[in-house]
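Please open the model in the viewer and keep the selection panel at hand. The stops below are to be visited in order.

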Amino acid sequence: KLSYAVEEKLTKAKVIPVIVRTKKERFKELVDKYSKPSLIRQFSLYRNVKIPLFSMFSAVLTSGSLEEINNESGVLGVYTNGRRMMMYHLALGQQFTSSAETIEYVGADKLQSMGYRGEGVNVGVVDTGLVLHHPQISTPVNFRFTRYSSVFNNPVDFEGHGTYCTLLVAGKPAYAFLTGIRSGRPNLLVKGFASKSKWYSAKALGYGLGIGSDADLLKGMELLIRNGVKIINMSWGGYDPGDVYDFLIPALTKKGFIFVAAAGNQPGVVSSPGDQRDALTVGAWDSMTERVPTWSGYQQFDKYSKPDLVMPGVSVLNGSSGWLSFVDRNFGRYAILSGTSVATAHATGMITLLAELYKKQIGKELTTNEVKAILCQKTNLSQCEAEKTEAGNGLLNFDVIKSWVETEYGVELK
């Protein structure tokens, strides 16, 4: 029952933060028995988190307790509780673009002009939370805020990363008033993809640095799923083992959930959970130079490679908050960021528009495999894998969407 990663950690440490998956009927009993606060103090990042939707809980256990729990009949798996963080770079140079310009670059503005703005689609962002007031936040009718996981007692985004990603997915249009070396481009339009979607924000990263544990993030996912979210943005990752996602993401993808994950910002390697085959893993694309930046994650695994696609992720201005936001006259409202975080939010926004199109024009739910097929214009996904490069199967833009729905379904987009 102990995962390979837990067994490996046991060779190096006697006390380990873990996530335990149980049979539903024994969940409460095992939580009461093993989720004790005494060892938590040694690990300030790790808390006792209960995730009943997945029949999981986190704990910090000794080697003796792990041996005991491994023999429990009600335990289905024991995984490492790794550390994850937001995947971004501050863009400090003079050259930059805006979210309105990158939305136009991928052709999402054409879908918006046809009336597709995410209506009827539930989309969620698990991240550092959300600022409560911002020019890009829509009226309370569209504002669905699931507050925060049990780890945090304040839902507000102090870093700004969660606000940036959420507003890029679903924020309404607004104007940024820039200062300093960027003041030559004042009053720039910024906007999100799917302003009419029902969008949700779950705070699961924090501590001033936008970090958190896998248990924190699973709790955030639980909050979104309980609110009917099927498309989940994961603009974060890490290089600790992500063995808990080996079970969770394939299981939920089979049920129709779409996980959009960052490839990470280290060349030659993909962060977890972006390394999951069933995730839609997003690398960065520089829309100004039209190339993959050298830092965007790419990795060849045994039977597949990542990322699956790229989206704009270099020096993009959009709404933000907290300490990331310092480039405009209205301090605390906008930021210029780079990273696969940014690219992932672009992908989630486009997928939200696509999900609405599929519901209204094709009469079916969008799936992860359907998005992968659109990217390479083939139903045989093994052929798609063979064609991947460091840019995956390329951009998810209007042209590939138009070609696919017209060819496969006879739906004309004009």
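Select β1 (15–22) and α8 (243–253): each contributes at least two residues to the lining of the largest pocket. Helices (H or I, at least four residues) and strands (E, at least two) are DSSP runs, numbered from the N terminus. A pocket is an open set of points on a 1 Å grid over the protein atoms alone, where a 1.4 Å probe fits, with protein on both sides within 12 Å along at least five of seven lines; lining residues have an atom within 4 Å of a point. The greatest contribution, four residues, is that of α8.

The model is predicted: local features need pLDDT of at least 70 and side-chain atom pairs pLDDT 80 or more, while totals for chains, interfaces and linings use all residues. Residues are numbered from 1 along each chain as its sequence is written, and side-chain values use heavy atoms, without hydrogens and water.

Next, select L53, F54, L248, L252 and K255, which of the 13 lining residues are the closest to the centre of the largest pocket.

Proceed to the sheet. Four strands form an open sheet in the order β2-β3-β1-β4, with antiparallel pairing; strands pair if DSSP finds at least two bridges between them. At its edges are β2 (50–51) and β4 (75–80), each pairing on one side only. Select K50 to find its bridge partner in β3, F57.

Finally, select M311. Beyond its neighbours within four places in sequence, M311 has contacts (heavy atoms within 4.5 Å) with residues including V106, W285, H346, M350 and L396.
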